[in-house]
Amino acid sequence: MTILEELFKTIEELRKYVPSVESNTTFDQLNSSATSAKKQISALISSDAYKYALDNTGEIHSSLLTAMANLTLSKQLVFDAITRRKAGVEVYKYELEAMKRSFVENYYNGMDTLIQLLDKDTTEGNKWRESRYYKIIETLKIKDTDNFDLLYPIDLSYLFFFRTVPLQKEVLEEGMKGYFDRAKDNEDAMNMLLRALAKMTVAIALRRFDIIEFPSTIRNLFEDSKVNRSGRDEQLQMLSLSEQLSAEVKALLQDVDLILSTNDSTTIDTESTYNTPDDKIVMMP
């Protein structure tokens with residue numbers, strides 16, 4: 001049995017989630033792409049949570065089907081293009097890009113719903129809370145999607161938030177945790193640090209993730225209708241935004257330093273401050 005046959009009984013059922021699948025397509029043809037898709041999803045939510053969603057009969061199961069179907073077809077797209085070209089069918093780059101973005105958008109929607117439902121599901125068999133990403137959240141300062149979205153808009157994307165969990169941990173461990181320890185009793189400084197943490201997390205993601213892995217609010221910043229648009233242009237734009245966010249974080253941290261240093265002491269030192277009771281003071285006539 002192929003991976004997709006665990007999820008769909010027939011190709012017609014698969015087409016309910018991805019209408020563009022041709023009726024003569026077989027599960028065997030899609031199996032290699034489905035294997036890659038399953039590995040990617042399982043790595044994020046854990047193999048146990050994937051099995052739980054697979055065995056579920058409700059919306060959790062439907063969300064997994066949406067995510068798996070669209071991610072599989074997204075990965076299969078390049079192979080289909082080669083097959084069509086060999087058959088003499090003209091394939092245009094802009095059409096492939098539009099299809100890929102559509103698949104990824106639907107995959108995002110499926111995964112956002114899946115993670116949200118797993119997070120709220122309290123059924124005993126749900127192993128989501130035992131996944132490695134979920135355990136890391138306990139050590140973070142921004143612990144959920146809602147709060148991250150308030151600090152930096154990510155379209156309330158549960159998928160993007162959990163994808164960036166290791167990045168937020170990295171930012172904290174590489175210096176920002178010390179700021180939080182110093183500012184624990186200062187609400188203004190703490191709020192600024194949370195915003196800086198969110199921006200720095202996104203800045204690192206821009207250097208490491210593919211643009212199609214971002215929520216639409218961020219991804220739309222790089223969409224261009226020009227015919228000669230290239231991947232290099234997008235990469236340069238992503239690096240530019242990353243540097244801009246890093247600069248904003250640096251400015252925020254400087255403001256935090258100023259706030260904390262001002263609160264450390266309000267005493268103004270003068271030369272007489274250092275006098276002691278036994279000092280002789282000679283008054284001039």
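This is a predicted model: local features need pLDDT of at least 70, side-chain atom pairs count only at pLDDT 80 or more; totals for chains, interfaces and linings use all residues.
Begin with the second largest pocket, whose volume is about 280 Å³, and select Q40, L71, Y107, R163 and E213, which among its 16 lining residues are the closest to its centre. To see the surroundings, colour α2 (27-45), α4 (59-86), α5 (93-120), α6 (132-137) and α8 (158-163), the elements that each give two or more residues to the lining; α5 supplies the largest share, with four residues. By class, this lining is made up of nine nonpolar, two polar and five charged residues.

Next, select V78, F79 and I82, which together make a nonpolar surface patch of about 280 Å². I82 is placed in helix α4 and counts as partly exposed, because its relative accessibility is 44%.

R219 counts as buried at 5% relative accessibility, whereas E105, at 28%, counts as partly exposed.

Move on to R208 and E170, whose side chains meet in a salt bridge of 2.8 Å, N to O, and which link helix α10 (residues 187-208) with helix α9 (residues 165-182), parts 38 residues apart in sequence.

Finish at K199 and E248, a salt bridge with its closest N and O atoms 2.7 Å apart, where K199 of helix α10 and E248 of helix α12 (residues 231-264) tie together parts that are 49 residues apart in sequence. Here K199 counts as buried at 15% relative accessibility, while E248 is partly exposed, with a relative accessible area of 26%.

Note on methods. Residues are numbered from 1 along each chain as its sequence is written. Side-chain values use heavy atoms; hydrogens and water are left out. On a 1 Å grid over the protein atoms alone, a cavity is a set of points where a 1.4 Å probe fits but cannot get out, and a pocket is an open set with protein on both sides within 12 Å along at least five of seven lines; lining residues have an atom within 4 Å of a point. Grid points are joined across faces, edges and corners, and a volume is the space filled by probe spheres set on the points. Ala, Val, Leu, Ile, Met, Phe, Trp, Tyr, Cys and Pro count as nonpolar, Asp, Glu, Lys and Arg as charged, and the others, Gly among them, as polar. Patches are made of residues with over 30% relative accessible area and no salt bridge: like charges are joined within 9 Å, nonpolar side chains (Val, Leu, Ile, Met, Phe, Trp, Tyr) within 5 Å. Accessible areas come from the Shrake-Rupley method with a 1.4 Å probe; for residues, only the protein chains shown count as cover. A salt bridge is a side-chain nitrogen of Lys or Arg within 4 Å of a carboxyl oxygen of Asp or Glu. Buried means under 20% relative accessible area, exposed over 50%, partly exposed in between (1.4 Å probe, protein chains only).
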